[in-house]
Amino acid sequence: MVVPMNNRSMRHVLKAAALSLVIFGFSGIFFLGSTETSPAGTFWENWYPLLIPSVQMSDDLQAEIFSLSPSEPVSISNTVISYLSYNGSETVSLIDFARGEGPNRFDPRIDPWMTGISDYFHQDIYEIFYLPNTLSPLEYRRAFENSEILGGVDWILPDDESSLISPVLFAAVILLLCIGCFRFIIPGGALLFAGYFLTVTGQDGLYPLLAVTALLLRLAVTERTGFSFRTILPFLPAGVLLAFGQLPLRQLAVLLFVFSVFAGALLFPEVSVKRPAVKAVKKSRLTWKRQDHDFFEPVSLMSHRRPVRKSRKQPYARAFLGAAALAAVALVSLQWPSERGLPAGIPAARSSAGEWTYERLSRTSSVLPDAADYLKHRAYQDSFMYGGTYALPVPGSSVSFEDYTLQDGRIMESRHTAIVFSDEWYESSLASMSISGPGKLMAGEAGPAEILVLSSVKTGISLHKLIIYAVFICVFVLFHLSGLHHADSKSSIRSNGKFVLRRKQQAA
């Protein structure tokens with residue numbers, strides 16, 4: 001026999017399920033904290049340029065930069081170039097090559113790749129290092145500021161745009177939304193930790209998304225009728241950005257544990273406030289004589305509903321919600337697209353898309369030597385002795401030479417293939433490109449990139465994102481601040497039903 005579950009048992013089950021979801025959601029904090037973050041750089045996907053004035057460079061300063069980096073940076077000191085010699089392939093460091101070691105400047109083996117890659121490391125009065133993005137720009141800045149050697153150096157880290165304004169505004173949005181809503185405190189705590197995670201990892205561009213999501217979460221947790229349109233509202237901003245390709249999947253992981261905590265908060269039953277019991281009716285009123293309707297008590301037509309007193313908390317609650325919406329608008333406004341000047345030209349990769357194929361490589365046009373130029377350099381050094389040229393080889397093509405032998409008193413001519421530019425040659429050449437120098441920078445891109453020298457850089461987010469955020473902030477304002485879906489609307493309907501029932505009782 002199945003025993004039906006009463007209301008009290010159902011509330012216990014909901015509380016247990018809600019607590020499990022909240023614990024599961026907050027366990028995502030340990031997952032985020034244990035994974036290595038790798039935010040994309042402004043100029044290179046996996047590297048941050050560091051500018052040091054050339055007059056302040058020294059061996060101790062370079063050693064300090066290398067010691068503070070989790071892995072080896074890319075610099076002129078650890079960049080090597082290879083060239084063909086009579087004994088095979090030889091290498092020389094870029095510094096030694098600039099000093100005149102290796103082939104002299106009139107040697108025909110010197111190609112544009114060998115003479116052009118030094119521009120990656122010298123621009124105007126600055127020498128450029130490239131730091132790996134295993135640390136965020138904020139963490140690099142803290143490490144450099146705490147260094148005794150780098151403390152007196154005018155170093156510049158252009159990727160570091162961190163400020164206290166965005167974290168403070170985001171925290172203000174969350175704290176204002178927590179006022180007057182106990183159920184929002186649980187997902188609000190998850191959002192605050194997500195904001196701390198973004199601050200540490202230097203991903204300030206996600207603050208507007210988290211703030212808009214927080215506004216819609218506040219709408220959802222105050223809904224009293226269970227699942228409704230408000231429940232799916234918090235998922236829409238991230239879903240729309242993901243659909244339009246404006247949100248990378250690795251950034252979506254920051255919101256997953258927040259949504260799990262939010263689901264647990266929705267399952268928590270509302271705290272019902274018990275009304276004081278009605279006082280017992282005086283005995284003097286029950287001393288009537290028994291008659292047909294001795295238990296009938298007249299009900300006034302005008303007393304079907306008590307006069308509703310306007311709560312003083314309602315204006316304050318709406319003021320807090322309005323302040324949260326204004327703080328979110330200010331946070332989004334900080335991401336308005338603009339252009340920022342740079343102290344010197346900085347090499348940067350642009351249009352990094354597509355596959356590493358001959359067709360894609362042959363279409364790149366760069367200011368500095370790029371991946372196509374590296375393959376030209378490799379092909380030229382491999383085929384120089386056989387009459388090869390500095391050009392991007394077509395896959396499957398080859399370089400051959402004529403050979404003459406003496407057989408039976410006659411000179412016989414034959415052709416021999418010196419090198420075939422097969423798919424294996426392309427794969428091995430691209431693998432060797434990532435060993436050192438600018439090739440290591442380009443190998444971290446998603447595809448062959450156009451290399452430019454930027455004197456300014458665009459900041460902020462795209463207009464598409466700004467429009468999406470503005471739309472959802474307006475949705476929050478319409479729902480919570482304009483009086484739509486007022487909380488007393490359903491209670492008034494129930495009161496009207498009681499009024500009709502009392503009219504029927506009086507008519508009887």
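Which element of the protein has the lowest mean pLDDT, and which the highest? I looked this up before anything else. Helix H19 (residues 488-507) has the lowest, at 48, and strand E5 (residues 126-132) has the highest, at 96. I note that pLDDT is the predictor's confidence in each residue, from 0 to 100. Helices (H or I, at least four residues) and strands (E, at least two) are DSSP runs, numbered from the N terminus.

Ground rules. The model is predicted, so I take local features only at pLDDT of at least 70 and side-chain atom pairs only at pLDDT 80 or more, while totals for chains, interfaces and linings use all residues. Residues are numbered from 1 along each chain as its sequence is written, and side-chain values use heavy atoms, with hydrogens and water left out.

Confidence. I find an average pLDDT of 78 for the protein, with 72% of the residues scoring at least 70. Over residues 277-289 pLDDT stays under 50, and the model has 4 contacts beyond four places in sequence for them. Residues 484-497 also stay under 50, with 10 such contacts. Contact means heavy atoms within 4.5 Å.

H9 and H18. I looked at helix H9 (residues 207-221) against helix H18 (residues 463-480): the axes are 10 Å apart, at an angle of about 25°. Axes are lines fitted to C-alpha atoms, for helices over the stretch in contact, and angles run from 0 to 180 degrees between N-to-C directions. H9 and H18 are therefore roughly parallel to each other; angles under 35 degrees count as roughly parallel, over 145 as roughly antiparallel, 65 to 115 as roughly perpendicular and the rest as oblique. From H9, residues including Leu 209, Val 212 and Leu 216 take part in the contact, and from H18, residues including Phe 472, Ile 473 and Phe 476. By class I get 11 nonpolar, 1 polar and 1 charged residues. Ala, Val, Leu, Ile, Met, Phe, Trp, Tyr, Cys and Pro count as nonpolar, Asp, Glu, Lys and Arg as charged, and the others, Gly among them, as polar.

H15 and H16. The axes of H15 and helix H16 (residues 423-433) come within 10 Å and cross at roughly 115°. H15 and H16 are therefore roughly perpendicular to each other. Among the residues in contact I noted Tyr 374, Leu 375 and Arg 378 of H15, and Trp 425, Tyr 426 and Leu 430 of H16. This contact has 8 nonpolar, 3 polar and 2 charged residues.
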